[in-house]
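Here is a short tour of one structure. Keep the sequence and the 3D view side by side as you read.

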Number of protein chains: 2
Amino acid sequence: MAKPRTKGSILPESILDAATRLFIERGLDGTSMYDIATELGVTRTAVYYYFKNKEAMLAALTDNVTRVAGKMAAELTQYQDLGPVEALRNLVTQHARLILTHALQFRVVERNEHNLSPKRRDNARASRRAVLTSFAEIIQRGVDSGDFRVVDPKVAAFAIIGMCNWTAWWYDPSGARSQDEIIAMLADLAVSSVRQDGAKRPRAAGVSESLRLLRKELAYLERRIEDEPT
Amino acid sequence: MAKPRTKGSILPESILDAATRLFIERGLDGTSMYDIATELGVTRTAVYYYFKNKEAMLAALTDNVTRVAGKMAAELTQYQDLGPVEALRNLVTQHARLILTHALQFRVVERNEHNLSPKRRDNARASRRAVLTSFAEIIQRGVDSGDFRVVDPKVAAFAIIGMCNWTAWWYDPSGARSQDEIIAMLADLAVSSVRQDGAKRPRAAGVSESLRLLRKELAYLERRIEDEPT
């Protein structure tokens, strides 16, 4: 039989992971500090060493998720040099990865917003707003450049954020698709949802440019048809 | 001063609406039967007349959402006669409307799944599976017909369901856009996310058909270029 571990041998991250699983299964009120210690096979003292109560754990979880989201928003300047299509693809990739790697924490924070201190609640809201603004700005840029269709940037941003966030409710690590595959698929669906139909032809290009691109495509197809079995 | 109303003058639906608002604001455990009665300006007796406790309210809320979703799945046969694009548009419209008109209830049920009886939990899961299957089947049909790109039907279904479900977290009835506008935008984004690029050219058409369509487009543009100012 394994000897219960003491505080020296566990990390606060392991405690938060176990707490997150139990909060999702049983709710915050349905989970005790004793349950969390039992789940980890440690003594209650080891848990109390790091967290004085469940509220302190929820606060730490919220700070984790909020901090990562804030860091992400701060890194957004790097996308200024990219075209709207690539900028959106990168942003979806980054946001979907954040959610997929923090799926249960994300749900625990969402479910327990009413248990957060006003300051933490404000921080969580500010980080959500920063994410929305990033998406909406890139979408607006794509609409202006003609790379994207004329969509409402805020509604389209919420739709794409919803695609990413909802993974926290359905992604199954033991499922057929890896996180990276799912992220690539979501980025592709998100870009396609706003991209101009016939995206290679810029909206503002006018008839002459469209003609040039069509002639190119035609020449390619005419070369191919010679090889095609009939 | 308004006289507290008695059971004769309130409907169970009003009690559930008030309970839903408080459950979201304060959590299930942070809300008492007395709070719900106060919110409605009725006596506790009036509330107890319909619901013996908060768990009974949560059960009724879950049954409402589950019943509507089940009804929706049953109506799906009507989409068999539609092409994949129109079928998907209708399905998104229907699902987004369900969520937007039950936004808070949907979130309360999601948050409190651990408080449901095993039977209700199974029902809620079955209705989620029915929604997923409907979306995935229509997407598969569109991939097969060449109307949609080659996407993973299940991942695309989850992405589109996520677009719809996430409205429960962001839709603001006092915002700039009406429910109908948002529903139409989501349907458009969802269809575009999977639709074949250059959707008028079927995937299976082969080089000859592509050539025919390109030549047609070219002829149209060549006629137009004669009128274009340079």
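## A crossing in chain B

H5(B) passes H8(B) in a right-handed crossing. This is a predicted model. Helix H5 of chain B covers residues 84–101, and helix H8 of chain B covers residues 153–165. Their axes lie 8 Å apart, and the packing angle is about 40 degrees. H5(B) and H8(B) are therefore oblique to each other.

Which residues make the contact between H5(B) and H8(B)? H5(B) supplies Val92(B), His95(B), Ala96(B) and Ile99(B). H8(B) supplies Ile160(B), Ile161(B), Cys164(B) and Asn165(B). By class, the residues of this contact are 6 nonpolar and 2 polar, with no charged.

## H8 and its partner H10

H8(B) also packs with helix H10 of chain B, residues 179–194. The angle here is about 165 degrees, and the axes are 10 Å apart. H8(B) and H10(B) are therefore roughly antiparallel to each other. H8(B) passes H10(B) in a right-handed crossing.

On H8(B), the contact uses Ala156(B), Ala159(B), Ile160(B), Met163(B) and Cys164(B). On H10(B), it uses Leu186(B), Leu189(B), Ala190(B), Ser193(B) and Val194(B). The residues of this contact divide into 9 nonpolar and 1 polar, and no charged. Ile160(B) and Cys164(B) of H8(B) take part here, and they also take part in the contact with H5(B).

## Chain A as a whole

Now turn to chain A. Chain A has 11 helices and 0 strands. Read from the N terminus, its elements run α-α-α-α-α-α-α-α-α-α-α. Chain A has 230 residues, and 33% of them count as buried.

How do contacts in chain A span the sequence? Take the contacts between residues at least 6 apart in sequence. Of these, 73% join residues at least 24 apart.

## Two domains

Chain A is divided into domain 1, residues 1–52, and domain 2, residues 60–199. The C-alpha centres of domain 1 of chain A and domain 2 of chain A are 31 Å apart. Domain 1 of chain A gives 6 residues to the contact, and domain 2 of chain A gives 8 residues. On the domain 1 side of chain A, the residues touching domain 2 are 4 nonpolar, 1 polar and 1 charged.

## A crossing in chain A

Helix H4 of chain A spans residues 54–74, and helix H6 of chain A spans residues 103–111. Their axes come within 9 Å and cross at roughly 115 degrees. That angle makes H4(A) roughly perpendicular to H6(A). The crossing of H4(A) past H6(A) is left-handed.

From H4(A), the contact takes Leu61(A), Thr62(A), Asn64(A) and Val65(A). From H6(A), it takes Gln105(A), Phe106(A), Val108(A) and Val109(A). The residues of this contact comprise 5 nonpolar and 3 polar, and no charged.

## One residue up close

Find Asp188(A) in helix H10 of chain A, residues 179–194. Is Asp188(A) buried or partly exposed? Asp188(A) has 19 C-beta neighbours inside 10 Å, so Asp188(A) counts as partly exposed. A residue is buried if 20 or more other C-beta atoms lie within that distance.

Asp188(A) and Arg89(A) are 99 residues apart in sequence. In space, they are 7.3 Å apart, C-alpha to C-alpha.

Conventions:
Residues numbered from 1 in each chain as written. Chains lettered and ligands numbered in written order. Predicted model: local features only at pLDDT ≥ 70, side-chain atom pairs only at ≥ 80, totals over all residues. Domains from an automatic or database assignment. Contact = placed C-beta atoms within 7 Å. Nonpolar A, V, L, I, M, F, W, Y, C, P; charged D, E, K, R; others polar. Axes fitted to C-alpha atoms, helices over the stretch in contact; angles between N-to-C directions. Helix = DSSP H or I, 4+ residues; strand = E, 2+ residues; numbered from the N terminus. Parallel < 35°, antiparallel > 145°, perpendicular 65-115°, else oblique. Left-handed = near helix turned anticlockwise from the far one by under 90°. Buried ≥ 20, exposed ≤ 12 C-beta atoms within 10 Å, placed from the backbone.
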